[in-house]
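Have the coordinates open in your viewer as you read.

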Amino acid sequence: MFAGIRRSLSKLAMGYVQRSPDMAVGFRGQEVAHHTRRYGPDDARTIVSRADYAVVLHRAGETEQAEVELAEVIERAEATAAGADQAFMQNARTWHAHMLFDLRRFADAEREWRALSLVCEQLYGSDHPDTVAAHQSHAAALYELDRFQEAETEAADVVARLTASQGADSRDTLRARSSHAEYLYSLGRYSESEDAWRQIAEAENRLLGAADPGTLHAREEHAIALYRLGNFQEAAAEFAQLVMLRERTLGGGHADTQRAQAWHQDALTELEQP
């Protein structure tokens with residue numbers, strides 16, 4: 001994903017990003033000024049350099065300025081020959097959608113991701129990684145807008161596509177399955193969420209080990225779903241295991257450990273109720 005823009009970022013500029021974001025921004029800004037003077041603002045080389053500049057701004061933490069810059073780039077590209085480069089336009093719009101999401105402009109991000117999903121379907125097909133990623137990001141934006149049913153439907157489709165192409169236990173599939181389980185929980189479909197988190201926790205444990213943060217996160221979500229279902233005995237036992245593992249790996253004062261302790265106490269309290 002983003003191959004067109006990323007290839008055009010020079011090794012020098014990327015080194016600047018790693019060592020000094022300010023230097024990277026300055027480097028790209030100078031390049032934009034040079035291209036604008038030499039080729040004019042509507043030349044494809046100038047437009048691409050401005051897109052590079054926006055990406056570096058975003059990576060340097062200047063996302064608000066980056067979004068404004070890239071929105072102008074996209075608008076100018078669409079009005080010039082640069083807009084005919086489908087790969088460039090797709091990459092630029094994808095970066096722009098990420099920026100909108102990071103700025104918490106979820107309604108704008110949702111519209112962008114929805115449009116990008118359709119374009120990717122047409123350009124690449126339903127199982128292409130860019131298509132699947134666009135649908136996954138669209139689901140995330142829907143979720144942030146509290147459109148949980150739509151998010152769950154989209155996420156279930158993503159899980160099905162990734163399972164078919166990569167298998168149920170690939171890292172990409174497990175991440176998608178985790179998002180889907182979260183959306184099920186938000187819909188109050190606790191039984192389905194509990195089953196999903198249990199299977200994810202088993203897969204994470206098998207692949208990464210019992211003490212891995214991913215395994216522990218899945219087990220915590222599974223225990224919370226058990227609690228919501230009123231299965232307090234099972235939830236208490238699971239939280240007790242989590243407390244023990246997190247005390248061993250993170251220490252008793254860590255926020256994750258303390259959260260598990262609080263849930264464990266709540267489950268025990270529920271068991272004491274008449």
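A residue counts as buried under 20% relative accessible area, as exposed over 50% and as partly exposed in between, using a 1.4 Å probe and protein chains only. This is a predicted model, in which local features need pLDDT of at least 70 and side-chain atom pairs count only at pLDDT 80 or more, while totals for chains, interfaces and linings use all residues. Residues are numbered from 1 along each chain as its sequence is written, and side-chain values use heavy atoms, leaving out hydrogens and water.

Let us start with helix α4, which covers residues 44-59. Helices here are DSSP runs (H or I, at least four residues), numbered from the N terminus. Arg50 sits in α4, and because its relative accessible area is 13%, Arg50 is buried. Leaving aside residues up to four places away in sequence, Arg50 touches Val32, Glu69, Glu72, Val73 and Arg76, where contact means heavy atoms within 4.5 Å.

Two helix pairs come next. Axes are lines fitted to C-alpha atoms, for helices over the stretch in contact, and the angles between N-to-C directions run from 0 to 180 degrees. Angles under 35 degrees count as roughly parallel, over 145 as roughly antiparallel, 65 to 115 as roughly perpendicular, and the rest as oblique.

| Pair | Angle | Axis separation |
|---|---|---|
| α4 and α6 | roughly 25 degrees | within 11 Å |
| α12 and α13 | about 155 degrees | 8 Å |

The angle in the α4 and α6 row makes α4 roughly parallel to α6. Their crossing is left-handed, a term for a near helix turned anticlockwise from the far one by less than a right angle (clockwise would be right-handed). On the α4 side the contact involves Ile47, Val48, Ala51, Ala54, Val55, His58 and Arg59, and on the α6 side Phe88, Trp95, Met99 and Asp102. By class, this contact of α4 with α6 has 8 nonpolar, 1 polar and 2 charged residues. Here Ala, Val, Leu, Ile, Met, Phe, Trp, Tyr, Cys and Pro count as nonpolar, Asp, Glu, Lys and Arg as charged, and the others, Gly among them, as polar.

Helices α12 (residues 213-228) and α13 (residues 232-249) are therefore roughly antiparallel to each other, and their crossing is left-handed. Residues of α12 in this contact include Leu216, His217 and Tyr227, which meet residues of α13, among them Phe232, Leu245 and Thr249. The α12 and α13 contact has 10 nonpolar, 4 polar and 5 charged residues by class.

What about helix length? The expected span is 1.5 Å times one less than the number of residues. Helix α8 (residues 129-144) has 16 residues and reaches 23 Å between its first and last C-alpha, close to the 22 Å expected. Its buried residues, including Asp130, Val132, His135 and Leu142, pack against α6, α7, α9 and α10. Just past α8, Asp146 has a positive phi of about 65 degrees.

Helix α11 (residues 190-208) has 19 residues that should span 27 Å, and its end C-alpha atoms are 26 Å apart, which agrees. Among the buried residues of α11 are Trp197, Ile200 and Glu204, and their cover includes α10 and α12.

Definitions and conventions
Helices (H or I, at least four residues) and strands (E, at least two) are DSSP runs, numbered from the N terminus.
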